[in-house]
Amino acid sequence: MTGYAVVTRELPYGSLNLELRSVNNRYLDIQFRLPDELRSLEAAMREFLASRLNRGKVDCRVNFSRVGGTEDLQLINSDLLQKLLELDRTVRSALPNARGLEVADILRWPGILGANSFPAENLNEPCIELLRAALDDFAAARAREGEKLRAILLERLGRMRRLTEEVAPRIPALLAVFQEKLKLRLHEAMINCDDDRIRLELSLFASKIDVDEELSRLRAHLEEVERFLFKGGAIGKRLDFLMQELNREANTLAAKSVDAEVSKTSVELKVLIEQMREQVQNIE
């Protein structure tokens, strides 16, 4: 199921923003985009997400924007500065005409400023709290989507039930029509036609078009789908399997059909099943 959530928290030393996006996927696939300060948290965040989600392609993005002035210009990474100066002297001794490092060059060097303005571990707890809040919003959004999806599926279940109930009463009528046609053909072909021959042909035809078993299985599968829709939880794979079973019975119903209305019903059933199958792919 798709989902989206974004949460922001203002800290004394900056703004922390976390965004969760999810699209449908058969398995759980989590991708992170984290600032350098939070790289060490990736394993814990992955474990936390896996404990709450079962499937989906999940993208987790975290951004941290420092408040202006939090980078204390008086705090310079002295160890890095000494290494830069040593490298500068080494290069200029080998290349006397080379331009030396200027103050602007040093201040722009990655890691030279603000490295000690605040401990990076101060972001760990706020980030986990932010992830928890985002997941709560994420779950609530998915729950609302799930309710709408369940209503759609239940409406289609009702239509399928009505279609299956319309098929059963047509079978006796089809047998009666076939019996009259059979009698006529047999009497035209043979002068003397006993009732045993007619009963045999009628029995073979009744066996051929008997769809009571298929209709019973269709009803059972529909009841099972409804049961799982109200059960909740991770039901996507189970529903997908039931869609396959429903489609199998609808195909058998079509294969046995000798009546235009029954054929039409089987086509309508397959259309509804395919629509439901597409919706089921959005369920965990």
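Q: Where does arginine 156 lie?
A: Arginine 156 lies in helix H4, residues 124-167. Helices here are DSSP runs of H or I, at least four residues, numbered from the N terminus, and strands are runs of E, at least two.

Q: Is this an experiment or a prediction, and how are things counted?
A: This is a predicted model: local features need pLDDT of at least 70, side-chain atom pairs count only at pLDDT 80 or more, and totals for chains, interfaces and linings use all residues. Residues are numbered from 1 along each chain as its sequence is written, and side-chain values use heavy atoms, with hydrogens and water left out.

Q: Which residues does arginine 156 touch?
A: Leu272, Gln275, Met276 and Gln279, not counting residues up to four places away in sequence. Contact means heavy atoms within 4.5 Å.

Q: New topic. How many helices and strands are in the chain?
A: The chain has 9 helices and 4 strands. Along the sequence, the pattern is β-β-β-α-β-α-α-α-α-α-α-α-α.

Q: How many residues has the largest nonpolar core?
A: It has 29 residues. Among those with the most contacts inside it are Met160, Leu246 and Met276. A nonpolar core is a set of buried (under 20% relative accessible area, 1.4 Å probe, protein chains only) Ala, Val, Leu, Ile, Met, Phe, Trp, Tyr and Cys residues joined through side-chain atoms within 4.5 Å.

Q: Which helices supply it?
A: H4, H5 (170-189), H7 (212-231), H8 (236-256) and H9 (260-280) each supply at least two residues of this core.

Q: And what lies apart from it?
A: Another core, of 27 residues, including Leu34 and Leu135.

Conventions
Buried < 20%, exposed > 50% of the residue type's maximum accessible area, 1.4 Å probe, protein only.
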